[in-house]
Amino acid sequence: MGSSRSIAKFMLVKAEELGLSITNLKLHKLLYLSHGLSLVKFDHPLLEGEKFAAWKYGPVIESLYHDLKVFGSSSIKADSSFVANWPSLNEASDETMVIESILKQFGKKSAGTLIDITHKADGPWHEVFDASTSSIVIDDEKIKSYFKKYLKN
């Protein structure tokens, strides 16, 4: 497990290596997919001490969203002075394998497509989202149970 900043920084670095452009919105969708895969494959969350919340445009790590909102809808560069100073993730970890796998499978998809994927009617986000509330935590057990149905060993 890592902090949201170290996980995000690693994802941004790897995305750039793959030639992918990542916005704040897209980053959160990819982190959510990585989190689900981590829960199923390794039985532990991707992020240390932080939970995903159900926001209008999908699952979000609130503190990370607020850290990155300065980028607006622009791509986030891992070497920007803002992100470059964040802690680095241990390169040889469960988290790195999960992130690389998700980037390869979903990284080229648009943010809109990723929203469709994370908003499925039978999914955890859809189950807890309430437009009248600013934020509701999505329980990891719900995420794990949902992802288990769709992931193959």
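User: Which residue in β3 stands opposite alanine 53?

Analyst: Valine 137 of β3 stands opposite alanine 53. This is a predicted model, where local features need pLDDT of at least 70 and side-chain atom pairs count only at pLDDT 80 or more, while totals for chains, interfaces and linings use all residues. Residues are numbered from 1 along each chain as its sequence is written, and side-chain values use heavy atoms, leaving out hydrogens and water.

User: OK, how many bridges join β1 to β3?

Analyst: Two bridges join strand β1 (residues 53–55) to β3, and these strands run antiparallel. Strands here are DSSP runs (E, at least two residues), as are helices (H or I, at least four), numbered from the N terminus. Strands pair if DSSP finds at least two bridges between them.

User: In what order do the strands of the sheet come?

Analyst: The order is β2-β1-β3, so three strands make up an open sheet with antiparallel pairing. At the edges are β2 (58–60) and β3 (136–137), each pairing on one side only.

User: Switching topic: how many aromatic pairs are there?

Analyst: The count comes to seven aromatic pairs (ring centres of Phe, Tyr or Trp, its six-membered ring, within 6.5 Å; planes under 30 degrees apart are stacked, over 60 edge-to-face, the rest tilted). Take tryptophan 55 and tyrosine 65: their ring centres are 4.9 Å apart and the planes sit at 70°, so that pair is edge-to-face.

User: Which parts does that pair tie together?

Analyst: Tryptophan 55 is in strand β1 and tyrosine 65 is in helix α3 (residues 62–68), so the pair ties together parts 10 residues apart in sequence.

User: Now the helices. At what angle do α1 and α5 pack?

Analyst: Helix α1 (residues 4–17) and helix α5 (residues 94–106) pack at about 45°, with axes 10 Å apart (axes are lines fitted to C-alpha atoms over the stretch in contact; angles run from 0 to 180 degrees between N-to-C directions). The two are therefore oblique to each other (under 35 degrees is roughly parallel, over 145 roughly antiparallel, 65 to 115 roughly perpendicular, the rest oblique).

User: Which residues make the contact?

Analyst: From α1, they are Ile7, Phe10, Met11, Lys14 and Ala15, and from α5, Glu95, Thr96, Ile99, Glu100 and Leu103 (contact means heavy atoms within 4.5 Å). By class, the contact of α1 with α5 has six nonpolar, one polar and three charged residues (Ala, Val, Leu, Ile, Met, Phe, Trp, Tyr, Cys and Pro are nonpolar; Asp, Glu, Lys and Arg charged; the others, Gly among them, polar).

User: And how do α1 and α2 cross?

Analyst: Their axes come within 11 Å and cross at roughly 105°, which means α1 is roughly perpendicular to α2. Ile7, Ala8, Met11 and Leu12 of α1 touch Leu27, Leu30, Leu31 and Ser34 of α2. This contact of α1 with α2 has seven nonpolar, one polar and no charged residues.

User: What about α2 and α6?

Analyst: Helix α2 (residues 24–42) and helix α6 (residues 111–118) have axes that come within 9 Å and cross at roughly 40°, which makes α2 oblique to α6.
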